[in-house]
Amino acid sequence: MIEDDIYRASSQYRLWSYTESSLQSLRATTNAVASERVRAALRRSRETHQSTASSTAGTPLPESNTEAKNKDEKDVECLTPEEELVLVRYYCEKTLELGETYKPPIPTMVRATAIQYLRRFYLTNSPMTYHPKSIMACALFVATKTDNYYISLRQFADGIPGDTTTDDVIAPEFLLMQGLRFTFDVRHPFRGLEGGVMELQAIAQGQGQPAPHLPYETAEDLQQGLLSIAPPPVPSSSMSDRIARAHGTTRELLKSAAQMTDAYFLYTPSQIWFSAFLLADRPLAEFLLDVKLGGPVTATIPAPETDENGLVNPLYEIRSKLHHVLTECSTLLQSYTPLSSDPAQMKSLKRIAKKLYHCQNPEKVNLAAQKRESTQPSTAVQSDTGTITSESETERLAKKRKLEQEQIVRQNDDVFGPELVTQRTKQ
Amino acid sequence: MASNAASRRDEDEVCPVCKSSRYLNPDMRFLINPECYHKMCESCVDRIFSSGPANCPVAGCRKTLRKNRFRKQTFEDIGVEREVDIRRRVMHILNRREEEFDSKRAYDDFLEQREDIIANLVSRIDVAKTEAQLQKYAAENMQSIRTNQAIEAEEASSFQARMTLEQEEARLRRQAVRQEYETERREIQAGREDFLSRLASGSSTDAAAIAREGHKVLLKKSSARRSEEERIRQKQAALRSDTKRVSNLSAVEHAGGADTGLVKGLRKIKTPEPEKPYDPFMGYVPEKRDYYALQSYYPSQYLDPIRNDARMLAGGYDLREYYSRTLLEAFAGLSCFVGEEISQRDANISKSTATEGAAMAVESGENTA
């Protein structure tokens with residue numbers, strides 16, 4: 001199928017599609033590496049602390065004391081991959097809420113992109129190294145840029161509750177991009193859903209066209225087929241009404257469940273929206289699949305359809321495989337319950353947050369400060385010797401630059417451009 | 001070619017058919033026919049075969065001969081004559097070239113085989129079988145035989161051309177040398193005369209100076225000549241190497257031929273695959289879709305107002321763009337079974353590199369600050 005090949009060309013398929021097991025092992029590796037680093041970092045910080053303490057005191061600390069310290073340093077408990085996952089999911093939900101606070105709210109698509117960025121970032125990075133709180137805002141800001149929804153940085157920073165500065169927002173930006181392997185394209189199921197609904201509406205109004213592989217069906221056949229499907233769980237007045245209702249439910253599912261689970265890593269966008277559609281209105285979704293791939297498939301009656309060459313019809317094969325995959329995907333979507341609605345989950349989340357507070361990598365806490373340090377090492381050094389001189393220095397430089405700028409502007413203002421021979425005017 | 005001794009012996013040569021001897025008829029010429037190699041005089045041939053094919057008049061030989069096949073004998077020994085004929089014919093058919101064989105060994109085997117065939121035919125061993133083999137081979141390898149013949153002819157003609165060229169060059173060289181010698185001699189003579197006359201006319205004090213001058217002039221001339229000669233030689237060498245290269249090229253071009261029953265160890269010819277028609281999209285047809293047929297209109301209460309909204313359409317926005325994009329995204333990857341395909345891909349990439357890559361991704365993710 002050509003459409004599938006088009007999807008296979010996307011970075012989402014090439015770099016961000018995993019099997020369940022590979023996803024799990026990747027998370028485990030990330031967690032193992034990160035915990036090791038956290039332990040090492042904690043040890044280092046403790047050692048420096050100790051050495052400064054001992055130098056100020058002038059006397060070495062008692063042996064028993066250091067031993068005890070060593071022991072509790074070993075006991076630093078790191079997060080498990082599962083706990084990390086819960087934490088990331090919580091911040092994904094927070095991202096949705098954060099998008100809601102803006103006026104006007106940030107579009108769902110942008111928020112979904114940000115959530116996927118977060119999820120992708122935390123595949124190879126651990127919340128113990130970089131706290132999701134700082135990454136979250138940055139992810140949303142990057143998403144507004146990649147999805148063409150412009151918000152100025154200042155406006156964006158103002159929208160975040162608490163005193164978040166613009167620097168805090170963009171500090172982890174490059175880091176985030178690196179974590180995303182510089183692939184910003186996220187294929188969402190939202191637009192695909194619109195397309196599917198459009199097709200169904202066309203069929204409902206007798207304007208549908210058969211799929212290229214099943215060309216013998218006419219628009220009337222399709223319409224009749226659609227009208228004769230099983231009634232919906234909730235009775236509706238007309239077919240288009242029913243489709244619209246299913247559309248709405250599916251959209252809600254895609255906004256929440258599809259974002260908070262690993263669906264994006266494990267399935268393709270079209271499979272995701274089809275499974276959500278199955279949850280919303282099973283007969284309708286199955287009808288659309290039948291139209292596209294032919295033949296109803298039930299797990300109980302395997303119909304060995306063979307053509308004259310004795311081969312199994314490839315469409316049938318796809319259809320039965322798809323049935324399996326869609327069922328898997330819908331159970332995954334169904335398994336999702338919002339964290340905030342479940343007190344037990346909230347409780348465990350609080351526990352995880354507390355734990356994270358202890359095992360946070362101390363070297364990576366203040367990203368904004370680190371960034372400033374790395375970009376302006378010279379001023380940082382100068383500030384130790386004397387802040388006044390360095391400030392006056394920068395002031396002087398700024399003034400000089402401003403003067404030069406003005407001169408250039410003045411020259412450019414001249415209609416005939418700057419003077420060709422400057423010396424003659426002087427004479 | 002007829003040496004004196006031969007001509008003397010020919011004096012009493014007698015035509016085996018009409019018994020007339022050379023003594024009576026000094027202009028008598030003997031002819032042979034490669035069918036049976038029986039010798040007879042020209043007048044006999046005229047007499048017997050003018051009115052069409054007839055049997056050989058020699059007793060016991062009942063071969064049918066034709067007049068146009070009669071020719072002059074090249075070698076005195078009729079056996080040699082016959083062998084040469086056979087050799088020529090066989091070589092004409094079995095005319096494989098060394099380039100066509102896989103190895104030197106295969107070519108040598110071929111040469112040996114050819115000699116065997118020739119020997120068989122000459123000494124009349126298994127003639128029928130050998131002939132059948134030859135005919136079969138000729139029928140099967142008509143094409144390659146013909147091309148090889150063409151190459152041979154070309155080679156022969158180019159060889160001829162080269163020989164004439166070389167001869168011409170040699171002649172020119174000789175001429176140049178002779179001319180040079182002449183001019184040199186004349187100059188020396190003129191110089192000497194001039195020198196003598198100047199000595200005669202000049203005073204006695206100048207004598208030494210004049211003598212030196214004359215010597216110098218001669219020297220200069222000879223060195224100039226030498227450089228000229230050098231130039232010509234270089235030019236000729238360049239010319240020669242040029243022609244050599246051309247002939248080499250023509251020789252290498254044709255090679256190949258299928259492995260036949262008779263000749264073994266031929267090199268396989270690689271026929272170049274016919275070029276497929278150019279496909280700029282590599283099998284992808286831009287407008288072809290497998291899941292849906294794009295319609296020009298889809299009923300939708302959200303989109304319908306846009307269709308007639310001048311504000312929307314003024315900028316060139318076309319709702320069909322939206323249709324094609326949404327429908328593509330609706331079905332793109334529907335039967336792309338990630339779990340299956342990715343695990344297969346990982347297996348293909350080979351486990352070590354895949355995990356390495358993941359580890360590296362982790363490293364890089366963790367390293368950055």
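Modeller: Helix α15(A) is mostly covered, with 11 of its 12 residues buried. Buried takes 20 or more other C-beta atoms within 10 Å of a residue's own, with C-beta atoms placed from the backbone. This is a predicted model, where local features need pLDDT of at least 70, side-chain atom pairs count only at pLDDT 80 or more, and totals for chains, interfaces and linings use all residues. Residues are numbered from 1 along each chain as its sequence is written, while chains are lettered from A and ligands numbered from 1 in the order in which they are written.

Colleague: Which residues of α15(A) are buried?

Modeller: Among them are Trp273(A), Phe274(A), Phe277(A) and Leu278(A).

Colleague: And what covers the buried residues of α15(A)?

Modeller: The cover includes α11, α13, α14, α16 and α17 of chain A, plus α10 (319-331) of chain B. Helices here are DSSP runs of H or I, at least four residues, numbered from the N terminus.

Colleague: OK, switching to chain B. Where is Tyr323(B), and is Tyr323(B) buried or exposed?

Modeller: Tyr323(B) sits in helix α10 of chain B. It counts as buried because 20 other C-beta atoms lie within 10 Å.

Colleague: What is Tyr323(B) in contact with, beyond its neighbours within four places in sequence?

Modeller: Leu294(B) and Tyr298(B); contact means C-beta atoms, placed from the backbone, within 7 Å.

Note on methods:
Helices (H or I, at least four residues) and strands (E, at least two) are DSSP runs, numbered from the N terminus. Two residues are in contact if their C-beta atoms, placed from the backbone, lie within 7 Å.
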